[in-house]
Amino acid sequence: MAERREAEARLRPPRGETLLYLNGVTKAFDGFKAINDLSLVVARGEMRAIIGPNGAGKTTMMDIITGKTRPDAGEVFFAGDTDLTRHDEAEIASLGIGRKFQKPTVFEGHTVEENLRLALSGSRSIFAALLHRRGAAEDARIDAILRTVRLADRRGASAADLSHGQKQWLEIGMLLAQDPELLLVDEPVAGMTDAETEETARLLRDIARTRSVVVVEHDMHFVRMLGVKVTCLHEGHVLAEGPLDMVSADPRVIEVYLGR
Ligand SMILES: Nc1ncnc2c1ncn2[C@@H]1O[C@H](COP(=O)(O)OP(=O)(O)OP(=O)(O)O)[C@@H](O)[C@H]1O
């Protein structure tokens, strides 16, 4: 019963407050509309899964949110009236939007803990970051992040010695060090073992207790484990949106994506 209530709560925007708002966004490359009149609303504290066939515009949508690509038309608002289309990538990152790309990019020559300290230090140089005096608050944050990303018992391990899945978790931890309000995650479980995939679903659910998360993923088994509202994109537009059971039963979704 409690589990069912929790599952239902995940499908509902927690406070109904909008964190990310895309309205009528369009982006063409050489006349081809990769994003076509796309509208999307993500609530504060909501986790949303984005699915859709190759070329549906998922990556381009993430590029627009993070300022890598400028839309030709439409609005992209974050946390109220911040118009993301007026900011560059670095500004958008400092506004509180973190992005995890598919390939992990951790510092392999450093330990797990050092990687997190480097991420926490932000703009400090690597040497300054590793040498500076640690405060109790910083130690507590490192401990909390290590627990969240399931690496507390690997803190002294070299990042190079982590499994592929653990490297992905470490990079998620490095993003958490920046304390983003919105975390964008691109195909996190590609190449992971089944056990890592299941742990990643739990890990992202933990993270979504305190921030919004948008996950692009093709692995439907994993999307089911997330248990959140799903948006299916097709030809740069929302084809279907709602609980996974509803979206995956939609004949249009089956035709363009799931039935392939
Ligand atoms: N910089 C670009 N220049 C030209 N065309 C582009 C560019 N970026 C994306 N496209 C095109 O836009 C369309 C949408 O691509 P996008 O990568 O956003 O899709 P996707 O849903 O992320 O696909 P996948 O699941 O394969 O990652 C594709 O047809 C792609 O070829």
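**Exercise 1.** In this predicted model, determine how the axes of helix α4 (residues 112-121) and helix α6 (residues 136-148) are placed relative to each other.

*Solution.* 
Step 1. The axes of α4 and α6 come within 10 Å and cross at roughly 120 degrees.
Step 2. Angles of 65 to 115 degrees count as roughly perpendicular, and those over 145 as roughly antiparallel. The two helices, α4 and α6, are therefore oblique to each other.
Step 3. The crossing of α4 past α6 is right-handed.

**Exercise 2.** Carry out the analysis for α4 and helix α7 (residues 164-176), starting from their axes.

*Solution.* 
Step 1. The axes of α4 and α7 come within 8 Å, and the crossing angle is roughly 30 degrees.
Step 2. Angles under 35 degrees count as roughly parallel. Therefore α4 and α7 are roughly parallel to each other.
Step 3. The handedness of the crossing of α4 and α7 is right-handed.
Step 4. Helix α4 contributes Val-112, Asn-115, Leu-116 and Ala-119 to the contact, while α7 contributes Leu-170, Gly-173 and Met-174.
Step 5. The contact of α4 with α7 holds five nonpolar and two polar residues, and no charged ones.

**Exercise 3.** Identify the strands that pair with strand β9 and state their directions.

*Solution.* 
Step 1. Strand β3 (residues 47-51) is joined to β9 by four bridges, and the two run parallel. Within this pairing, Ile-51 has Cys-232 of β9 as its bridge partner.
Step 2. Strand β10 (residues 237-242) is joined to β9 by five bridges, and these two run antiparallel. Here Cys-232 stands opposite Ala-240 of β10.
Step 3. A hairpin is formed by β9 and β10, with two residues between them. In its turn, Glu-235 has a positive phi of about 50 degrees.

**Exercise 4.** Explain why strand β9 (residues 229-234) is described as largely enclosed by the rest of the structure.

*Solution.* 
Step 1. On one side of β9, Lys-229, Thr-231 and Leu-233 are buried.
Step 2. Six of the six residues of β9 are buried, so the strand is largely enclosed by the rest of the structure.

Definitions and conventions
Residues are numbered from 1 along each chain as its sequence is written. This is a predicted model: local features need pLDDT of at least 70, side-chain atom pairs count only at pLDDT 80 or more; totals for chains, interfaces and linings use all residues. A residue is buried if 20 or more other C-beta atoms lie within 10 Å of its own, exposed if 12 or fewer, and partly exposed in between; C-beta atoms are placed from the backbone. Two strands pair if DSSP finds at least two bridges between them. Axes are lines fitted to C-alpha atoms, for helices over the stretch in contact, and angles run from 0 to 180 degrees between N-to-C directions. A crossing is left-handed if the near helix is turned anticlockwise from the far one by less than a right angle, and right-handed if clockwise. Two residues are in contact if their C-beta atoms, placed from the backbone, lie within 7 Å. Ala, Val, Leu, Ile, Met, Phe, Trp, Tyr, Cys and Pro count as nonpolar, Asp, Glu, Lys and Arg as charged, and the others, Gly among them, as polar.
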